[in-house]
Amino acid sequence: MKKLKLLAFLMAFAFILTACGKPADKKGTDAPNAPAVEGTEKGSSKKGGLMVLGVGSDPSSVNPLFANDRVSLTITNVLYDKLYNVKSGKVVYDGLAESMTPSEDHLTYTLKLKDGIKWHDGKDITADDIIFTYDSILDDKQNAKGQNVLKSDAGVVKYKKVDDKTIEYKLPKVDMTFLNGIAGISPIPKHVFEGEAEIAKSPKNAKPIGSGPFKFKEHKTGELYQVERFEDYHGDVAKLDGIAFKVIPDANASMVALEKGEISVSYIKPKDVAKFEKNGNFEIVTFPEGMVDNLFFRLNSEKLKDVKVRQAISYAIDKTKLIQGTYLSKDFADPAYSVFSTNTGFFSDDVEKYDYNVEKAKKLLKEAGKANLELKLMYTSGSPAQEKESLLIQEMLKKVGINVELLPMERATFIEKLLDKSNHDFDMAINGYVMGDSPDSYASIFKSDSSENFSNYNNPKIDELFKQAKVETDEAKRGEKYKEIQQILADDAVEYPVANVKSILAVRKEFKNLDAANPAPIHMFDYFNKIESK
């Protein structure tokens, strides 16, 4: 679990994205019950065109069991299908599975695969591939992602092949996050990797055999990674001929390439929006990242142990001014009040909002017996947005008698200090996180015994609520527990949520159907196969 959540945490620094809800042309269903839901069906469409994406590096791995960086995750997303996806608490059967059905006691799940699903080499995808994938994940020698889905303190999930299209799972204990966990695993082909001592290092990854809407075409190290349409795809066959991932390490060079038409689409910063809007060749697309930008408090700092001090700081911050100064406009970031992202299941903004109130902040500081407080604020250097945000916070807190020393840190050093609970070099830190759809993922940040609880927050009530919510099968009761978690965390002022950040894409106007492609976190679009070249 640590590996997965730390990945989400690290990606937030690179301004990575989150899901923005289910696509308009899909039907959803409540995740816990998961009856049959329709995905995409194969259909005819106009085909042609190559979309070129600029990427900062070659992928480190295009095997979905080992892909961890943004480039690798983007490429594996088009090469490999998941069984299904969970979006805003709903199961969407847009992958290899036809259904995933729980028993009444939620201890047994039955997965049915779709008919006619094939690997890129033409071989059928069967239950044997799914079983092989799980066996590989549980093999400690492989060091693959996903062990936390199949193994926990309660025991190991038992799974078996019923027939070529059916897998049965037996859970050691009720776990209402199981459905989300399985959704995050992309199967790999048994006939390709069986017998490989170290799958991650297998030369067979150089020319991957996947199951997604695009298949491998070529890789020129340091230059290009290209995929092409997979004609036998089980869903909507891709409209594009292919996608080229062009390696451009320098961000400025990438922007120049975008303007010249050498690449088709790129993330851009708020300050660049006006320039690309004036250029008649681009469509600007904004969507929620699912990233919450926060001011974290180090609760083991003697200066911040008193909740009244943390509440005073929260009241002293003018959120509207902070968002305007950091993101230039509310068009690119929505005010955040809950520690949960708006795309998270059971999100609620029915929490203490700490509306800007300088006098209330001063009163709380006086009650706490704190005067002329000196605090250190750490942030990631090289980020103009975080630098501006830090300066504004410094200016706002000075008005209530708090002097803030700014500590810009190189990213690796920032992460090291943040995750070291014994480090006292700072009192506050600016950081964003992308935790995904499942509310249980936030337990890794706020549970007392978590290695990633970098606020050093300790509240047995929160620990117990996360524990109860994970096994609560009644949807309404489970939702109430997550709502209470959000309210307690706000009341305790564990962090000050600043904004739910949006991503901004500049896409050349020769491409259409972008809404149907569903702009999404990390990999830019959920459904590249729906994009069409005009």
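The legends below describe an overall view and several close-up views of one predicted model. Local features need pLDDT of at least 70 and side-chain atom pairs count only at pLDDT 80 or more, while totals for chains, interfaces and linings use all residues. Residues are numbered from 1 along each chain as its sequence is written, and side-chain values use heavy atoms, with hydrogens and water left out.

**Figure 1. Overall view of the protein, with 17 helices and 24 strands.** Helices (H or I, at least four residues) and strands (E, at least two) are DSSP runs, numbered from the N terminus. The radius of gyration is 24 Å, close to the 24 Å that the globule rule gives for 534 residues, so the protein is as compact as a globular protein of that length. This radius is taken over C-alpha atoms, and the globule rule is 2.2 Å times the number of residues to the power 0.38. Along the principal axes, the C-alpha atoms fill a box of roughly 70 × 55 × 40 Å. Of the 534 residues, 57% are buried; buried means under 20% relative accessible area, exposed over 50%, and partly exposed in between (1.4 Å probe, protein chains only). The accessible surface comes to about 21,700 Å², and 48% of that surface belongs to carbon and sulfur atoms. Areas come from the Shrake-Rupley method with a 1.4 Å probe; for residues, only the protein chains shown count as cover. Among contacts (heavy atoms within 4.5 Å) between residues at least 6 apart in sequence, 71% join residues at least 24 apart.

**Figure 2. The segment 93-449, listed by UniProt as "domain: Solute-binding protein family" in an unreviewed entry.** UniProt positions are given in the numbering used here, feature names are shortened, and annotations may be inferred rather than shown by experiment. Over residues 93-449 the chain is 28% helix and 25% strand. The end C-alpha atoms of this segment are 35 Å apart.

**Figure 3. Helix 13, residues 411-419, and its buried residues.** The buried residues of this helix are F414, I415, K417 and L418. Seen down the helix axis, they fall within an arc of 170°, so they line one face of helix 13. The arc is that of the directions from the helix axis to the C-beta atoms. At the start of helix 13, a side-chain oxygen of E410 comes to within 3.1 Å of the backbone nitrogen of A412.

**Figure 4. E302 in the loop between strand 15 (282-297) and helix 9 (307-316).** E302 counts as exposed, at 59% relative accessibility. Its side chain makes a polar contact with the side chain of K305 (3.0 Å). A polar contact is a pair of N or O atoms within 3.5 Å; within protein, one must be able to donate a hydrogen and the other to accept it, and residues adjacent in sequence count only if both atoms are side-chain atoms. E302 and A517 are 215 residues apart along the chain, and their C-alpha atoms are separated by 49 Å.

**Figure 5. S455 in the loop between helix 14 (443-446) and helix 15 (460-471).** With a relative accessible area of 1%, S455 is buried. A polar atom of the S455 side chain lies 3.3 Å from the backbone oxygen of F297. Not counting residues up to four places away in sequence, S455 touches F296, F297, R298, L299, N300 and V494.

Figure 6. Most residues other than glycine have a negative phi. A493 counts as buried, at 1% relative accessibility.

**Figure 7. A127 in helix 3, residues 127-138.** A127 is buried, with a relative accessible area of 0%. Apart from residues up to four places away in sequence, A127 touches L113, K161, D163, D164, T166 and I167. A127 and V86 are 41 residues apart in sequence and 21 Å apart in space, C-alpha to C-alpha.

**Figure 8. V227 in strand 12, residues 224-229.** V227 has a relative accessible area of 0% and is buried. Leaving aside residues up to four places away in sequence, V227 touches residues including V78, L79, F214, F216, I243 and F245. From V227 to D250 the separation is 23 residues in sequence and 23 Å in space, C-alpha to C-alpha.
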